[in-house]
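Me: I have a model open and some quick questions about it. Can you take me through it?

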Amino acid sequence: MRKSGILLPVSSIPSKYGIGTFSKEAYEFVDFLERAGQRYWQILPLGPTGYGDSPYQSFSTFAGNPYYIDLEGLTEKGWLTEEECEEADFGGNGQYVDYEKIYLSRFKVLRKAYERSHIGEDGEFRKFQEENAFWLEDYALYMAVKNSFGGVSWIEWEEDIRLRREGAMAAYREKYAKETEFYEFQQFIFATQWFALKEYANGKGIDIIGDIPIYVAFDSADTWANPQLFQLDEKCIPVGVAGCPPDSFSATGQLWGNPLYRWEYHKETGYEWWMKRIAYCYKLYDVVRIDHFRGFDEYYFIPYGDETAEFGHWEKGPGYDIFKVMKEKVGNKPVIAEDLGYLTPSVLKLVKKTGYPGMKVLQFAFDGSADNDYLPHNYTANSVVYTGTHDNDTTLGWYESLGRKDKAFAKRYLNITGRKDVEWNFIRAAFGSVADTAIIPMQDYLGLGAEARINIPSTLGLNWKWRMLPGQLTDGLAEDILNLTKLYGRG
């Protein structure tokens with residue numbers, strides 16, 4: 001069945017108090033999706049963010065970002081007052097998130113709510129603790145200890161707790177019992193609010209596409225609590241880290257710095273940790289987009305300590321074996337394989353063997369070659385087409401920066417005769433393609449330029465900030481999207 005949806009990060013919802021949350025505005029966006037005839041809402045990873053604010057570098061692969069907790073929901077419970085929320089400085093620009101101000105204010109407000117909640121007496125909270133003990137205890141302790149050391153990475157902690165020696169673990173658990181409960185409280189509220197929103201969306205016929213990064217952050221509860229899963233030495237220092245080799249976009253490659261997996265160990269354990277991770281994703285989402293899919297075929301090993309990615313090398317990943325186990329243990333769940341970039345024959349073979357749809361991005365199509373894989377006439381049905389992703393400029397911003405030759409080709413291919421509604425020509429091309437699924441970033445429907453870009457890869461400081469403004473989701477826009485959806489049989 002042909003379907004379509006919209007890509008919009010939770011952080012970009014026009015909620016009150018500085019950042020998008022699971023607020024009434026999120027429910028209104030779901031209503032907008034329904035009116036527009038859409039079947040999917042695609043979001044970015046929901047994990048708690050740290051330095052750089054990237055959802056792809058999270059303190060936990062299981063935990064949720066406390067920034068997304070709807071404060072108005074806590075005032076309704078009597079745990080906060082509206083005045084307390086209004087007095088906190090969450091930043092004054094409705095179009096961009098001010099992460100520094102959010103960081104400095106959000107936890108102070110959440111702590112007030114926690115202290116008034118008497119959450120330890122709540123039976124649902126205790127049930128949540130028990131059901132999620134396999135990750136929640138380590139995460140909460142990790143965050144409490146991290147705070148006690150001034151927020152530095154766990155590799156800089158005192159050796160006894162860094163290496164999780166039994167006596168130190170017991171001592172820190174006792175010393176920071178109240179603090180760990182505060183972090184567990186945040187996760188309970190996050191989960192309660194998210195699952196209510198997801199249930200509302202599902203009830204409207206809208207599925208959530210979530211995003212799972214292949215790697216976890218080094219500075220995370222996952223790495224600290226499970227060093228055996230990663231290529232670390234006896235002192236828990238990485239042997240090698242993840243990234244991408246030099247290419248036409250970057251002469252020195254991309255140095256991501258994530259720890260690499262000990263795939264032999266994962267295979268020996270039946271990929272137990274991975275199966276828990278994936279199963280948890282299918283509680284959070286209906287469809288999972290697996291980021292950097294080629295890393296399961298081969299991964300790029302960069303020696304730890306290198307300042308660039310120039311001197312890395314490729315090593316063999318688990319291949320189809322992990323997906324075979326996943327289908328046996330988790331079920332044959334819907335997956336989108338992020339298979340962008342340079343693809344070797346073995347990667348193409350892996351994607352084909354899994355049966356998962358790959359991604360097609362229109363912004364990669366216009367290099368003047370008629371056999372470009374990203375041109376709509378070269379698609380297969382088992383694919384997901386995007387005008388652009390969170391790593392691309394908006395379609396308008398990208399189009400305006402195109403070179404003369406590529407722009408001329410795009411104009412001919414899409415029959416663009418002027419500036420008016422350029423982005424709708426691209427949206428039509430995506431909808432009219434044979435790809436089973438079409439996902440369009442919200443910024444393209446709004447006709448926004450480079451000022452609304454979400455992320456510029458390999459840069460820090462200006463990313464993950466864009467937000468919709470109140471009033472931009474109009475009935476007229478929903479009707480336009482609905483008409484296009486019906487026209488191309490995606491309803």
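Reply: Terms before anything else: helices (H or I, at least four residues) and strands (E, at least two) are DSSP runs, numbered from the N terminus. This is a predicted model, where local features need pLDDT of at least 70, side-chain atom pairs count only at pLDDT 80 or more, and totals for chains, interfaces and linings use all residues. Residues are numbered from 1 along each chain as its sequence is written, and side-chain values use heavy atoms, with hydrogens and water left out.

Me: Where is Asp53 found?

Reply: Asp53 sits in the loop between β2 (40–42) and α2 (71–76). Asp53 has a positive phi of about 65 degrees, although it is not a glycine.

Me: Is Cys236 buried or exposed?

Reply: Buried, with a relative accessible area of 9%. The cut-offs: buried is under 20% relative accessible area, exposed is over 50%, and partly exposed is in between (1.4 Å probe, protein chains only).

Me: Another loop residue. Where is Thr21, and what does Thr21 touch?

Reply: Thr21 is in the loop between β1 and α1 (24–35). Thr21 is buried as well, with a relative accessible area of 2%. Not counting residues up to four places away in sequence, Thr21 touches Val10, Ile13, Ser15, Ala26, Tyr67, Tyr68, Ile69, Asp70 and Arg106. Contact here means heavy atoms within 4.5 Å.

Me: On to strands. How many residues of β12 are buried?

Reply: Five of the five residues in β12 (residues 437–441) are buried, and the strand is mostly covered. Thr437, Ile439 and Pro441 point one way, Ala438 and Ile440 the other way.

Me: Which way do side chains go in a regular strand?

Reply: They alternate between the two faces of the sheet.

Me: Which strands pair with β12?

Reply: Strand β1 (residues 3–7) pairs with β12 in the parallel sense over five bridges. Strand β11 (residues 383–386) also runs parallel to β12, joined by three bridges. To pair, two strands need at least two bridges between them, as found by DSSP. For landmarks, Leu7 stands opposite Pro441, and Val384 stands opposite Thr437.

Me: What is the strand order in the open sheet?

Reply: β5-β4-β7-β8, four strands with antiparallel pairing. The edge strands are β5 (254–259) and β8 (313–316), and each pairs on one side only. From one strand to the next, the twist averages 50 degrees. Strands β4 (residues 240–244) and β7 (residues 298–303) are joined by two bridges in the antiparallel sense. Val241 has Ile302 as its bridge partner in β7.

Me: Now helices. At what angle do α5 and α6 cross?

Reply: Helix α5 (residues 123–131) and helix α6 (residues 133–148) cross at roughly 100 degrees, with axes that come within 6 Å. That makes α5 roughly perpendicular to α6. Phe128, Gln129, Glu130 and Glu131 of α5 meet Ala133, Phe134 and Leu136 of α6. Axes are lines fitted to C-alpha atoms, for helices over the stretch in contact, and angles run from 0 to 180 degrees between N-to-C directions. Under 35 degrees counts as roughly parallel, over 145 as roughly antiparallel, 65 to 115 as roughly perpendicular and the rest as oblique.

Me: And how far apart are the axes of α6 and α8?

Reply: The axes are 10 Å apart, and α6 packs against helix α8 (residues 166–175) at about 85 degrees. So α6 and α8 are roughly perpendicular to each other. Leu141, Val145 and Ser148 of α6 and Met169, Tyr172 and Arg173 of α8 make the contact.

Me: Why is α17 described as largely enclosed?

Reply: Because nine of the 11 residues of α17 (residues 422–432) are buried. Among them are Trp424, Phe426, Ile427 and Phe431.

Me: Last topic. How many residues are in the largest nonpolar core?

Reply: There are 160, and Trp41, Trp194, Trp274, Phe296, Met442 and Tyr445 have the most contacts inside this core. Helix α9 (residues 177–203) gives the most, with 10 residues. A nonpolar core is a set of buried Ala, Val, Leu, Ile, Met, Phe, Trp, Tyr and Cys residues joined through side-chain atoms within 4.5 Å.

Me: What is Trp274 in contact with?

Reply: Leaving aside neighbours within four places in sequence, Trp274 contacts Ile212, Ile214, Tyr261, Trp263, His266, Phe296 and Ile322.
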